[in-house]
Amino acid sequence: MAFDKTKGHIAILMANVIFGLGVPVTKALLDDWVTPIGYMASRCVFAALIFWVVAAFMPKEHVEKKDMVVLLLGGLLGFVISQTLTAEALKFTTPVYFSLVAALTPIAVMILAAIFLKERISGLKIVGVVMGIGGALLMLYFSWTSGAGSDDLLGITLAVLSVLTWAVYLIITRKVSAKYSAVTQMKYFFLISAVVMLPIALMEPQQRLYSAEWGWSGVLEMAFIVLFATGLGYFLIPYAMKFLRATTVSIYTNIQPVVASLVAIAIGQDHLTWDKPVAAILVLLGAYIVTITPEKKKS
């Protein structure tokens, strides 16, 4: 039992380190090699191929029609819309600001669940929400006055929209997600995403990564995003969920902005100012409080 939990902790740690690294790698791709649409189409098509090939060697799962609708809707909402907003956000703001906004996801999920599902919120969770929003407002203020990105205010706004869209996806698919394996979910998730994104990408000018100007750095960056930040990451999370509680898994999400920020500052994509650590403390502590606080039972 203890060994199984250790494997779970290692798996979820690896997944979140990979996702954290994916933020500055995505920023590098968008700056030098592909447009946001080109990035999305590449990720969708290659990820769909990976998951359909893997699924061919696994037991086939029958998906009910009503669940198929949810999975396809999830692909459109949780990947096409949310991740396109993510790519657009990283064109305008820095990986540090983006990753801190992404850390607000547990807070966004809780707020939306309270609004649409009428879930009760405890007093301690309200404290966590206030702290998280305080960190977000601090980022918005300093991005407006002295941000390092080309348009940090727009980038952070797009990042917030991405987080809200992803939170809606998590809410509407959480029942279906418990019924089917990760491979079954992801093969449909990325299939519908590829079907939507590929025609749009083909209407754009040729991507530099797929032209005579291509370079190995771009190829390696895209390979990391497809193979590790998409393929391996989506395998590690459900694997960890077999051995760990959901709250434990979600707490590890806070590693992502730390890794993304350290790497981005180290390679010159951003610089350290006093507001970023303060915002990080507010956002991460707020998300932690929201994550670990038990649900308040209905009276």
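Mentor: Let us start with Phe 189, which has a relative accessible area of 2% and therefore counts as buried, since buried means under 20% relative accessible area, exposed over 50% and partly exposed in between, with a 1.4 Å probe and protein chains only. Keep in mind that this is a predicted model, in which local features need pLDDT of at least 70 and side-chain atom pairs count only at pLDDT 80 or more, while totals for chains, interfaces and linings use all residues. Residues are numbered from 1 along each chain as its sequence is written, and side-chain values use heavy atoms, with hydrogens and water left out.

Trainee: What makes the pair of Phe 79 and Phe 189 edge-to-face?

Mentor: Rings of Phe, Tyr and Trp (its six-membered ring) pair if their centres lie within 6.5 Å, and planes under 30 degrees apart count as stacked, over 60 as edge-to-face and the rest as tilted. The ring centres of Phe 79 and Phe 189 are 5.7 Å apart and the planes stand at 75°, so the pair is edge-to-face. Phe 79 is buried, with a relative accessible area of 0%. By this rule the count comes to 9 aromatic pairs, and one aromatic cluster is formed by Phe 51, Phe 79, Trp 166, Tyr 169, Phe 189 and Phe 190.

Trainee: Why is this pair said to tie together parts that are 110 residues apart in sequence?

Mentor: Because Phe 79 lies in helix H3 and Phe 189 in helix H8, the pair links parts of the chain with that separation of 110 residues. Helices (H or I, at least four residues) and strands (E, at least two) are DSSP runs, numbered from the N terminus, and the protein chain has 12 helices and 0 strands.

Trainee: Why are H4 and H11 called roughly antiparallel?

Mentor: Angles under 35 degrees count as roughly parallel, over 145 as roughly antiparallel, 65 to 115 as roughly perpendicular and the rest as oblique. The axes, which are lines fitted to C-alpha atoms, for helices over the stretch in contact, are compared by angles that run from 0 to 180 degrees between N-to-C directions. For helix H4 (residues 95-102) and helix H11 (residues 255-266), the axes come within 8 Å and cross at roughly 175°, and the two helices are therefore roughly antiparallel to each other. The contact, meaning heavy atoms within 4.5 Å, is made by Pro 95, Val 96, Ser 99 and Leu 100 of H4 and by Pro 257, Ala 260, Ser 261, Ala 264 and Ile 265 of H11.

Trainee: How do the residues of the contact of H4 with H11 divide into nonpolar, polar and charged?

Mentor: Ala, Val, Leu, Ile, Met, Phe, Trp, Tyr, Cys and Pro count as nonpolar, Asp, Glu, Lys and Arg as charged, and the others, Gly among them, as polar. By that division the contact of H4 with H11 has 7 nonpolar, 2 polar and no charged residues.

Trainee: What counts as a nonpolar core, and which residues have the most contacts inside the largest one?

Mentor: A nonpolar core is a set of buried Ala, Val, Leu, Ile, Met, Phe, Trp, Tyr and Cys residues joined through side-chain atoms within 4.5 Å. The largest has 58 residues, and Val 34, Tyr 39 and Phe 190 have the most contacts inside it. Its largest share, 9 residues, comes from H1. Not counting residues up to four places away in sequence, Tyr 39 touches Thr 26, Leu 29, Leu 30, Val 34, Ala 87, Met 222 and Ile 225.

Trainee: How do you know whether Val 25 and Ile 255 are buried or partly exposed?

Mentor: Val 25, which lies in helix H1, has 19% relative accessibility and so counts as buried. Ile 255, whose place is in helix H11, has 22% and therefore counts as partly exposed. Leaving aside neighbours within four places in sequence, Val 25 touches Glu 221, Phe 224 and Ile 225, whereas Ile 255 is in contact with Leu 13, Asn 16 and Val 17.

Trainee: What makes Thr 184 count as buried?

Mentor: Thr 184 lies in helix H8, and at 6% relative accessibility Thr 184 counts as buried. Apart from neighbours within four places in sequence, Thr 184 is in contact with Glu 61 and Val 63.
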